[in-house]
Amino acid sequence: MVKNIILKIKNMKKTYHTPKNEILAIDDFSLDLLDGEFIAIVGPSGCGKSTILSILSGIENLSSGIIENKKNSSIGYMLQSDNLFEWRTILENCLLGLEINGELNEENKQYVLDLLETYGLKEFTNAYPSNLSGGMRQRASLIRTLATKPDILLMDEPFSALDYQTRLAVSDDVYNIIKKEKKAVIMVTHDISEAISMADKVIVLSNRPTKIKKIIDISLTDKANPIHNRKAKEFSYYYDLIWKEIDFHV
């Protein structure tokens, strides 16, 4: 089955201006995102991974280049922190995006209630974030992002605040939700294992000015959920390949 391109990035460049000079942060970044595809972006710390997501979400402007939204697809952005408001219930938190967009109605509210039930948070609908575990908070954060029915999800280190065991479990939860809801994803992560276990394709970035060093298609035997995928016979091959491409010491 041939998948359609839903987001095309051509020659993206980002330059920051200071009183003394210009700093080229991102140079000639080009990428196609297919319908339902999961792309992970890895690279050295500070290379500009999060800046790419900020540009795609409209938080920052690109200096030059083209971003083509092929289907006028809507975009949801899931940040590193869950950013749940402690004074709002879980339901109220999950409805926040709809409120901001002026799209809160009974139909959309019921959609959110259905998501909370489907993904194990129904009994916490009227609870407050402080009553939830770290993993539950991340699920609530994802549901808040899904509430506006985005076609594309941008995820910036979504599991970085969790301990290792919780991180594995939540990555499974989030992955299963994303696949069930049939979303296309661009995820930034510093965790190579996470990238391989979740993504269809891994983009390796250079140090600044950021360019794409390598695009690696991930093909795992008996691919399933992320925890299972870490046991695939090809996993160590991809890990070594990506590790050698990333310059952690520059």
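## Contacts and overall form

Of the contacts in the protein chain between residues at least 6 apart in sequence, 69% join residues at least 24 apart. The model is a predicted one, and its protein chain contains 9 helices and 9 strands.

Taken along the principal axes, the C-alpha atoms fill a box of roughly 50 × 50 × 40 Å.

## Surface and charge

Buried residues account for 50% of the 250 residues in the protein chain. The accessible surface comes to about 12,100 Å², and 48% of that surface belongs to carbon and sulfur atoms.

The charged side chains of the protein chain comprise 31 positive and 34 negative ones, and the centres of these two sets lie 4 Å apart.

## Nonpolar cores

The largest nonpolar core has 50 residues, and those with the most contacts inside it are Val112, Val202 and Ile242. Helix α6, which spans residues 164-181, supplies the largest share of this core, with 5 residues. Apart from this core lies another, of 24 residues, which includes Leu7, Met12, Leu53 and Ile55.

## Helix α1

Helix α1, residues 49-57, is mostly covered, since 7 of its 9 residues are buried. The buried residues are Lys49, Thr51, Ile52, Leu53, Ser54, Ile55 and Leu56, and two of them, Leu53 and Ile55, are also members of the core of 24 residues. Just after α1, Gly58 takes a positive phi of about 90°.

Leaving aside neighbours within four places in sequence, Ser54 is in contact with Ile59, Glu60 and Tyr77.

## Backbone exceptions

Most residues other than glycine have a negative phi, and most peptide bonds are trans. A cis peptide bond joins Arg208 and Pro209, with omega about -5°, and Pro209 lies in the loop between β8 (201-205) and β9 (212-217).

Asn11, which is not a glycine, has a positive phi near 50° and lies in strand β1, residues 5-17. Because its relative accessible area is 44%, Asn11 counts as partly exposed. Lys182 likewise has a positive phi, of about 60°, although it is not a glycine, and Lys182 is found in the loop between α6 and β7 (184-188). At 69% relative accessibility, Lys182 counts as exposed.

Conventions. Residues are numbered from 1 along each chain as its sequence is written. This is a predicted model: local features need pLDDT of at least 70, side-chain atom pairs count only at pLDDT 80 or more; totals for chains, interfaces and linings use all residues. Side-chain values use heavy atoms; hydrogens and water are left out. A nonpolar core is a set of buried Ala, Val, Leu, Ile, Met, Phe, Trp, Tyr and Cys residues joined through side-chain atoms within 4.5 Å. Buried means under 20% relative accessible area, exposed over 50%, partly exposed in between (1.4 Å probe, protein chains only). Helices (H or I, at least four residues) and strands (E, at least two) are DSSP runs, numbered from the N terminus. Contact means heavy atoms within 4.5 Å. Accessible areas come from the Shrake-Rupley method with a 1.4 Å probe; for residues, only the protein chains shown count as cover. Lys and Arg count as positive and Asp and Glu as negative; His and the chain ends are not counted. The place of a charge is taken as NZ of Lys, CZ of Arg, CG of Asp or CD of Glu.
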